[in-house]
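I opened this notebook to keep track of what I looked up, entry by entry, for a reader who is new to the structure.

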Amino acid sequence: MFDMIISTMTQGFIYALLAYGIYITYKILDFPDLTVDGSFPLGAAVTAVLLVRGVNPYLTLLAAAAVGAVAGLCTGLIHVKCRVRDLLAGIITMTGLYSINLQIAGSNLTVERAIDTIFTAPPVMAVLGDTTLMVRKFIISFLLAVLGKIIMDLYLKTKSGLLLRAVGNNAALVTTLAKDKGNMKILGLVIANAFVALSGAVVCHEQRAFSATMGTGQMVFGLAAVIIGSTIFKKFDFVKGTTAVVVGSVLYKACIQVAINLGLPANLLKLITSVLFLVVLVLGNATGKEKADA
Amino acid sequence: MLELKHITKIYNPGTVTETCVFNDFNLAVDNGSFVSVVGSNGSGKTSMLNIICGNIPISQGKVVINGVNINSQKDFRRYRTIGRVYQDPAMGTCPDLTILENMSLADNKGKRFGLSRGINRRRAPFYKEQLAALNLGLEDKLSVKMGSLSGGQRQAVALLMATMTSLDFLILDEHTAALDPKTADTIMGLTDKIIREKKLTAIMVTHNLRYAVEYGDRLIMMDKGQVVIDKSGEEKKALTVDDVLHVFNTISIECGN
C-alpha cells in the first residue's frame with residue numbers, strides 16, 4: 001500500500017511537468033494545444049536515443065526540453081504566420097511528430113539496465129545511495145516538479161511573463177502596448193512544449209523505454225490535471241496556479257490508480273483517463289454554475 | 001501632424017457585399033489639437049480610426065504621421081506612439097490581472113518586456129497618485145483584479161493606461177458610449193483634463209453631440225465617407241448642439257432614416 005502511494009505520487013510529480021506546459025497553453029494563453037501528444041513522446045524518443053548512445057543522463061533532460069521547444073515553435077509559426085486555426089496547427093505538428101519520433105527512436109526503444117538514468121547516475125547515488133530505487137524516483141521527481149514550479153512562478157512574474165498572461169487575457173491590449181501578440185503566443189507554445197517534452201524525458205528515464213504510442217491521451221491528462229487543480233483551489237486565491245496543477249496531477253494519477261486497483265484491466269487505461277476527465281469537467285461545470293447562481 | 005491622403009477603402013471588393021467606405025478621403029490633424037468626430041452609423045468614423053491604427057488595410061492612399069508614411073507599419077508598431085481607448089471598457093485592461101499589474105504593463109509600453117521583474121514596487125506610489133486623481137477610490141485597490149471593477153472604473157484605468165507613456169496620438173473610440181450618463185460625464189471630464197495636461201493630440205469619435213460641441217478645439221461631422229462639417233477655432237466655439245443636430249437631421253432625412 002505504502003509502495004503504491006509512493007509510486008502514484010512519483011507519477012503525479014513527473015506528469016506535473018507536462019501539466020505546467022498545458023497550464024501555459026490552456027489556462028494562460030487559452031490555446032488548445034494538441035502538439036502535446038507529439039512533443040511528449042518526442043522528449044522521450046530523444047532521451048532514449050541519447051541514453052543508449054551514452055550521453056550524460058542529466059544532459060538528456062536539457063536536450064529533450066530543447067527539442068520540445070522546437071516542436072512548440074513549429075505549432076506557433078503554423079498558427080501565427082500561416083494563420084492556421086489553433087486546433088489544426090497543433091494537430092498538424094502532432095501528426096508530423098509521430099513520424100519524426102519513429103525516425104528518431106523506432107517504434108520501441110528500451111534502455112538497458114546497465115545504462116545510468118537520472119535516478120541511478122553517480123551524483124544521485126552519492127547522496128541517495130542508501131535508499132531504494134523507488135524512493136530515489138520519488139525524491140528526484142518531487143525535486144523536478146518543485147524546480148519546474150519555481151521556474152514557472154519566477155517567469156510569470158517577469159515583464160515577459162506578465163505580457164504572456166495579458167495575451168491570453170486580452171490580446172487587443174497587447175497590441176496597443178505596441179507588442180506583437182503573435183510572437184507572445186509563439187513564446188508561450190515554446191515554453192509549454194519544452195515542459196511537455198521534459199516530462200516525456202523523465203518518463204523515459206523512469207520506465208527505461210520509449211514507445212511511439214506513449215503520447216496518446218497526454219493532452220487529456222494534462223488538461224484534467226489543470227482543471228482539477230484549478231477547480232479545487234478556485235476559492236483560494238493565495239494558492240498559485242502552479243501549485244494547483246501539481247495537486248491536480250497527483251490526484252488524477254491517484255484516481256487512475258484506484259480504478260486499476262479496482263480490477264479494471266490495463267488495456268482500459270486510456271478509457272479510464274478520458275471518462276475520468278469527463279467526470280472532472282462535468283463536476284467543474286456544476287460547481288461553476290453554483291457560483292454563477294449565487 | 002497626422003495626414004490621411006486620398007484614402008480609398010472598399011470592404012469585400014469584387015463581391016455582392018462590396019461596400020465603399022471611403023473614396024478619396026482626406027484629413028489633416030495638427031499636433032496638439034483635440035478633434036471630436038461625429039456622424040451616423042456607417043459614416044466611416046470607426047473605419048477611419050482603424051485605418052490610422054493599421055487594424056484594417058486600405059485599398060489606396062497614404063497614412064502619414066509627422067511627414068513619415070506609415071502604410072507599411074503593422075498595427076502593433078504604430079501603437080508605440082498611439083494610445084487607444086475603446087468603447088468596451090473590457091478592451092482596455094486585462095480582467096484577470098490586478099490594477100497594479102495592468103498599470104505596470106502600460107508603464108512599460110515601448111520598452112523591452114524581458115526577464116526583469118514585471119512589477120516595480122517603487123512605481124506603486126506614482127500609480128496610486130494617478131489613481132487618486134480619478135476620485136474613484138481605486139488608489140487602495142492596487143491588488144484587486146481588474147475584472148471586479150465596474151465599467152466606469154475600468155474605463156478610467158484604461159484611460160490612464162493608454163496615456164501613461166508619451167504619445168503622438170490618443171484615439172478615443174466612442175469611449176463613453178457604454179457608460180451611464182453620470183459616469184460618462186466623469187470620464188469625459190477626465191479625458192479632457194489628461195489631454196490638456198499632457199498636451200496630447202487627440203481624435204475622439206463620439207455619438208454624444210454635447211461632448212463633441214463642449215470639448216475639443218475642432219469638430220468634424222462625417223457622412224458616407226466624407227467630411228460634411230469641419231469647424232475649428234472661433235467657429236467651433238460658436239457652434240451649438242442644435243446647429244450640429246440640424247445638419248445631422250438633414251442628412252438623416254435625405255437618407256430616409
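**Entry 1, a residue in chain A.** I began with A19(A), and, leaving aside its neighbours within four places in sequence, I found it in contact with G222(A), A225(A), V226(A), V245(A), G248(A) and S249(A); contact is counted if the C-beta atoms of two residues, placed from the backbone, lie within 7 Å.

Residues are numbered from 1 along each chain as its sequence is written, and chains are lettered from A and ligands numbered from 1 in the order in which they are written.

Within chain A, the mean is lowest in helix α12 (residues 269-293), at 76, and highest in helix α3 (residues 57-80), at 98. I keep in mind that where pLDDT is low, the predicted coordinates should not be read in detail.

I then turned to the largest nonpolar core, which has 151 residues, and the members that touch the most others are L17(A), A19(A), A197(A), L198(A) and I203(B). Such a core is a set of buried Ala, Val, Leu, Ile, Met, Phe, Trp, Tyr and Cys residues joined through C-beta atoms within 7 Å, where buried requires 20 or more other C-beta atoms within 10 Å of the residue's own. Helix α9 (residues 181-207) of chain A supplies the largest share of this core, 15 residues; helices here are DSSP runs of H or I with at least four residues, and strands are runs of E with at least two.

I traced 4 strands of chain B that form an open, antiparallel sheet in the order β2-β1-β4-β5, pairing being assigned if DSSP finds at least two bridges between two strands. Because β2 (19-29) and β5 (68-69) of chain B stand at the edges with a single partner strand each, one side of each is left without a neighbour in the sheet. Strand β1 (residues 2-11) of chain B pairs with β2(B) over 7 bridges, and I7(B) stands opposite F25(B) in β2(B).

Notes
This is a predicted model: local features need pLDDT of at least 70, side-chain atom pairs count only at pLDDT 80 or more; totals for chains, interfaces and linings use all residues. A residue is buried if 20 or more other C-beta atoms lie within 10 Å of its own, exposed if 12 or fewer, and partly exposed in between; C-beta atoms are placed from the backbone. pLDDT is the predictor's confidence in each residue, from 0 to 100.
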